[in-house]
Amino acid sequence: MNMIPNLLDIFSVLPALLLAGGGVVVICFSVLFKTKDFLIVRYVSGFILLIAFASVFYTAFRFPGNGVYFAGQIENSLLTFWLNLLYVSMAIGTAAVAPRILRNHKIEFPEFYPLLLFATSGMMLMTAAQDFILIFTALELMSLCLYILVGISKNDHFSLEATLKYFLLGSFSSGFMLMGIAFLFGGSGSTNVSACLQPLSVAGYQGNFAKIGLVLFLTGVSFKIALFPYHAWTPDAYEGALTPVTGYMATAAKAASMGLLLILYTKLPIRLEDSVWAWLTGILALCSMIYGNLLALKQENLKRMLAYSSIAHAGYIVAGISAGIREEVLFYLIVYSFMSLGAFAILAYLEEGTRQVTFFAVQSLSGVKPLTAIAINIFFMSLAGVPPFGGFWAKLFLFQKLAESDSLMNRILLIGGVTNSALALYYYLRIGIATFMSSDEGEISRNHSAPKSVGVIAVVVVCFFMVALGWLLLVPGNLLAIGAGQSLSY
């Protein structure tokens with residue numbers, strides 16, 4: 001086997017290489033060019049992200065195309081194509097929203113942008129990797145960047161507490177993953193994903209090692225996804241981090257972790273329906289739906305409410321993964337990421353540096369900021385699954401696939417998903433009552449005089465388009481079929 005990378009191998013990871021190399025360049029620029037608000041660093045980072053976005057199309061449909069590279073350690077497919085597009089899109093949105101927030105918090109931290117590039121590069125490698133060592137390395141690259149990004153507000157003790165909790169619990173989860181990889185290697189003699197999972201279908205010590213290893217590895221992945229009961233870090237980390245960072249964690253990082261779980265489950269050598277692995281993740285998904293929605297009901301802070309609701313949404317998506325559903329899960333991930341990014345972008349705008357955005361603070365917002373009130377209501381209604389927005393179609397397609405199954409677990413998940421979606425309507429639609437129907441005037445309505453932000457407006461417009469009309473363009477049945485001919489019409 002030739003282990004020396006060739007040109008095809010290098011180009012297969014071109015987007016990740018551009019982001020990683022660009023991150024190094026941006027770090028150098030942050031030292032050499034100390035301009036006001038680090039304008040050069042911001043513009044170079046944005047340019048690199050746009051080039052990486054274009055390179056995702058080029059590597060998938062032009063050269064070298066989808067396939068297996070680096071002697072089987074990297075696999076590019078239509079699934080990784082969509083995931084890579086999602087990661088870069090969320091990074092672009094975060095970079096567009098962040099400058100104003102950093103300025104309002106008086107944070108001079110030009111390393112924010114290279115960390116964003118490095119984290120996105122790690123996500124790409126994590127879901128393209130076909131070797132557990134590479135998966136773990138890429139996941140840690142993503143995680144270490146997120147630990148720092150959560151704590152960049154060094155003068156805010158809430159931010160420092162959040163990053164410490166996230167780091168400590170994340171370290172434990174990394175230990176579980178490493179121990180799981182060790183058991184998987186012990187059962188198969190390989191770190192290749194398919195080879196490690198193959199013993200699951202046989203009896204004896206090899207099968208036992210593989211089962212223990214996969215359970216431990218799934219424990220670490222569940223922490224990254226924030227499934228119950230591995231969710232403890234989520235509310236504090238979401239609330240303590242700067243809102244653009246929270247949005248990035250809730251979209252790109254969560255999508256990467258769930259993408260990894262989806263890819264792992266497509267590699268299982270056994271029939272998934274009614275298997276112990278379907279029940280294992282199915283139970284976690286059901287508990288996450290229930291817990292996330294119940295805790296979100298009593299939240300007043302909108303960031304904490306979105307943190308708990310993200311646990312519930314993770315439950316919906318993992319329910320689909322446990323049922324062996326691919327296209328509908330991917331569609332849900334895309335729609336959820338855009339509606340969450342739009343919601344967090346508006347919260348970042350309303351915070352204006354130090355203000356906490358609560359239901360009471362946004363009372364009568366429609367009187368002074370009608371477009372802002374309409375936009376945040378649209379994103380929250382989409383999160384609730386109200387038609388005709390994208391969140392409704394995402395849930396409909398996913399639940400429809402669950403309903404087509406005869407599996408007992410899938411029927412339980414279907415009932416749980418529909419029931420919890422109805423429960424979630426209460427706290428999502430509270431924002432409409434507060435912003436349009438309240439007679440009282442909230443703090444933001446009285447004192448909000450922040451100038452318009454071009455970055456926030458651009459992100460909200462794009463997210464609104466994806467939430468309102470994106471479901472017309474992205475049909476789940478076509479997501480993994482558009483590139484069957486390895487060509488794309490421009």
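Predicted model: local features only at pLDDT ≥ 70, side-chain atom pairs only at ≥ 80, totals over all residues.
**Stop 1: Arg411 and Asp406**

Arg411 counts as partly exposed because its relative accessibility is 45%. Asp406 is exposed, with a relative accessible area of 63%.

**Stop 2: a network of charged side chains**

Next, select Lys165, Asp236, Glu239 and Arg304. Salt bridges with shared partners join Lys165, Asp236, Glu239 and Arg304 into one network. Side chains of opposite charge can pair when their charged atoms come close.

Keep Asp236 and Arg304 on screen and hide the rest. Their side chains form a salt bridge with an N to O distance of 3.1 Å. Which helices hold Asp236 and Arg304? Asp236 is in helix H10 (residues 234–240) and Arg304 is in helix H13 (residues 302–322). The pair is 68 residues apart and links distant parts of the chain. Colour the two residues by accessibility: Asp236 is partly exposed at 23% relative accessibility, while Arg304, with a relative accessible area of 17%, is buried. The cut-off that applies here is 20%, since buried means under 20% relative accessible area.

**Stop 3: Glu351 and Lys303**

Stay with helix H13 and select Lys303, then Glu351. The side chains of Glu351 and Lys303 meet in a salt bridge at 4.0 Å, N to O. Glu351 lies in helix H14 and Lys303 in helix H13, so this pair ties together parts that are 48 residues apart in sequence. Are these two partners buried or exposed? Glu351 is buried, with a relative accessible area of 9%. Lys303 also counts as buried, at 7% relative accessibility. Searching the whole structure gives eight salt bridges.

**Stop 4: the largest pocket**

Move to the largest pocket, which holds about 1000 Å³ of space. To centre the view, select Ser89, Ile92, Gly93, Val459 and Val462; among the 43 lining residues, these lie nearest the centre of the pocket.

Which element gives the largest share of the lining? It is H4, with 13 residues. Colouring the lining of the pocket by residue type gives 30 nonpolar, nine polar and four charged residues.

**Stop 5: the largest cavity**

The structure holds three cavities of 30 Å³ or more. The largest cavity contains about 130 Å³ of space. Select Ser12, Pro15, Thr59, Asn76 and Asn84, which are the closest to its centre of the 17 residues that line it. At least two lining residues come from each of helix H2 (14–32), H3, strand E2 (74–76), H4 and helix H5 (112–128). How do the lining residues of the largest cavity divide by type? Ten are nonpolar and seven are polar, with no charged residue.

**Stop 6: the second largest cavity**

About 70 Å³ of space lies in the second largest cavity. Select its lining: Met142, Leu146, Tyr166, Lys224, Ile225, Ala226, Trp233, Tyr238, Met249, Ala253, Lys254 and Ser257. Nine of these residues are nonpolar, one is polar and two are charged. Helix H6 (132–150), helix H9 (205–225) and helix H11 (243–266) each supply at least two lining residues. H11 gives the most, with four residues.

**Stop 7**

Select Leu371, Ile374, Ile433, Phe436 and Met437, which make a nonpolar surface patch of about 560 Å². Two elements give two or more residues to the patch: helix H16 (370–384) and helix H18 (408–437). H18 gives the most, with three residues. Met437 lies in this helix, H18. Why does Met437 count as exposed? Its relative accessibility is 65%, and exposed means over 50%.

Key
Residues numbered from 1 in each chain as written. Heavy atoms only, no water. 1 Å grid on protein atoms, 1.4 Å probe; cavity = no way out; pocket = protein on both sides within 12 Å on 5 of 7 lines; lining within 4 Å. Points joined across faces, edges and corners; volume = space filled by probe spheres on them. Nonpolar A, V, L, I, M, F, W, Y, C, P; charged D, E, K, R; others polar. Patch = residues over 30% accessible without salt bridge, like charges linked within 9 Å, V, L, I, M, F, W, Y side chains within 5 Å. Areas by Shrake-Rupley, 256 points an atom, 1.4 Å probe, with all protein chains shown as cover. Buried < 20%, exposed > 50% of the residue type's maximum accessible area, 1.4 Å probe, protein only.
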